[in-house]
Amino acid sequence: MAYTVEGKGPSHIGIRMSNDAPPSHKEEARAQAEEALFGFWVFLMSDLIIFSMLFATYATMTHALAGGPGPKQLFDIHSAALETIALLLSSFTCGLATLYMRYDGSVKKTLLWFVVTLLLGAVFLSLELHDFIAMAAKGGVPSRSGWLSASWALIGTHGLHVTTGCIWLLIMFAQVAKFGLDPLVQTRFMRLALFWHFLDVVWIGIFSIVYLLGVIS
Amino acid sequence: MSADPRRERRQELHGYIAGLCLALILSAIPFAAVMTGALPRAGIVWTIAIAALCQVMVHFRLFLHIDLSRSHRDDLQLILFSLLIVVLMVGGTLWVLGNQRAMMG
């Protein structure tokens with residue numbers, strides 16, 4: 001596999017990363033890593049457009065209940081609050097993990113906090129799954145009404161993103177086991193952290209617009 | 001770049017802790033407003049909207065490290081341009097379909 005970028009050794013890559021490269025190499029490395037992170041931002045923003053359109057669809061469907069159950073009957077606000085806390089804490093632990101990775105180069109602490117992030121992600125997903133099952137049990141299946149289709153699509157897309165993030169974390173653990181915290185693994189972790197923080201930002205929109213505005217409608 | 005990584009590290013750590021505290025408070029406020037129902041409906045809606053906007057800014061600044069420094073200028077421009085596209089598309093969708101609903105509903 002290509003563990004070099006454009007013919008340069010992995011030690012050339014690093015944006016505020018713990019490596020032993022001389023300062024001139026570090027500057028060059030920083031520029032390369034910033035480029036990689038910028039590319040990832042382009043992806044995140046295209047993802048933001050997807051979510052925005054799902055939000056727009058949801059907003060146009062708020063009255064399309066077709067006589068089916070509405071947010072008041074289907075949403076459990078306490079569950080949404082727990083999910084919010086789990087995802088927020090996971091965003092924090094993800095930040096801590098990158099901090100230990102970039103400044104201390106400590107494999108142990110980095111992995112510990114990423115494992116906590118993964119566990120919190122799993123807590124979030126199991127709560128969400130529980131919500132979906134409870135909704136379906138009350139007749140709130142996606143085919144019931146336009147509003148339900150839009151809700152399942154929006155919340156489900158976010159849930160799938162979090163699932164992807166969890167799988168990505170597992171893959172990164174395998175990479176750390178094989179390569180250690182080498183500079184390329186570090187930039188991947190940094191992109192994963194951006195992805196994870198971004199998903200928490202999208203969740204702010206979901207709990208505010210779907211859950212909170214839903215139950216007071 | 002700052003020459004002292006230890007100071008930078010401490011600042012960043014404090015940033016994450018501050019981000020967590022602010023985000024927790026800004027999440028708790030709208031949830032509390034909805035659960036207690038202490039405010040009139042319009043007040044709750046405004047509380048939710050303002051708290052969400054503030055929380056998004058806290059996340060971008062303290063978790064995603066987007067600020068006005070030169071090294072983040074490209075990221076910031078990309079984000080602002082994407083936001084423009086989002087505002088046009090979401091605003092347009094709501095405007096057109098909202099009118100349609102009002103006139104045909």
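In this predicted model, the side chains of A:Asp104 and B:Arg9 form a salt bridge, with N and O 2.8 Å apart. A:Asp104 belongs to helix H3 of chain A and B:Arg9 to helix H1 of chain B, so the pair joins two chains. A:Asp104 has a relative accessible area of 33%. That value lies between 20% and 50%, so the residue counts as partly exposed.

A salt bridge also links A:Arg102 and B:Glu12, the closest N and O atoms being 2.1 Å apart. This pair, too, crosses between chains. A:Arg102 sits in helix H3 of chain A, residues 77-104, and B:Glu12 in helix H1 of chain B. A:Arg102 has a relative accessibility of 10% and is therefore buried, the cut-off being under 20%. B:Glu12 is buried as well, with a relative accessible area of 12%. Across the interface of chain B and chain A, the rule finds two salt bridges.

Over all chains, the structure holds three salt bridges. One of them lies within chain B, between B:Arg61 and B:Asp67. Its closest N and O atoms are 3.9 Å apart. The cut-off is 4 Å, so the pair still counts. B:Arg61 is partly exposed, with a relative accessible area of 42%. B:Asp67 is buried, at 19%. The limit for buried is under 20%, so B:Asp67 falls on the buried side of it.

The interface was then examined as a whole. The contact draws 44 residues from chain B and 45 residues from chain A. About 4000 Å² is buried between chain B and chain A. Carbon and sulfur atoms give 79% of this area. On the chain B side, B:Arg9, B:Phe31 and B:Leu64 supply 16% of the area buried against chain A, more than any other three residues. B:Arg9 is also the salt-bridge partner of A:Asp104.

Polar contacts were counted across the interface too. Six residue pairs are in polar contact between chain B and chain A, with both residues at pLDDT 80 or more. Three helices of chain B, namely H1 (5-36), H2 (41-63) and H3 (73-104), each supply at least two residues of the side that touches chain A. The largest share, 15 residues, comes from H1 of chain B. By residue class, the side of chain B that touches chain A divides into 30 nonpolar, seven polar and seven charged residues.

Within chain A, an annotated span was considered next. In an unreviewed entry, UniProt places the feature "domain: Heme-copper oxidase subunit III family profile" at residues 38-215 of chain A. This span is 86% helix and 0% strand.

A:Gly146 was examined separately. A:Gly146 is found in helix H5 of chain A, residues 146-179. Leaving out residues up to four places away in sequence, A:Gly146 touches A:Met61 and A:Ala64. A:Gly146 and A:Gly95 are 51 residues apart in sequence. In space, their C-alpha atoms are 38 Å apart.

Terms used
Residues numbered from 1 in each chain as written. Chains lettered and ligands numbered in written order. Predicted model: local features only at pLDDT ≥ 70, side-chain atom pairs only at ≥ 80, totals over all residues. Heavy atoms only, no water. UniProt positions renumbered as here; feature names shortened; annotations may be inferred. Helix = DSSP H or I, 4+ residues; strand = E, 2+ residues; numbered from the N terminus. Contact = heavy atoms within 4.5 Å. Buried area = accessible area lost by both parts, 1.4 Å probe. Polar contact = N/O pair within 3.5 Å; in protein donor to acceptor, adjacent residues only side chain to side chain. Nonpolar A, V, L, I, M, F, W, Y, C, P; charged D, E, K, R; others polar. Buried < 20%, exposed > 50% of the residue type's maximum accessible area, 1.4 Å probe, protein only.
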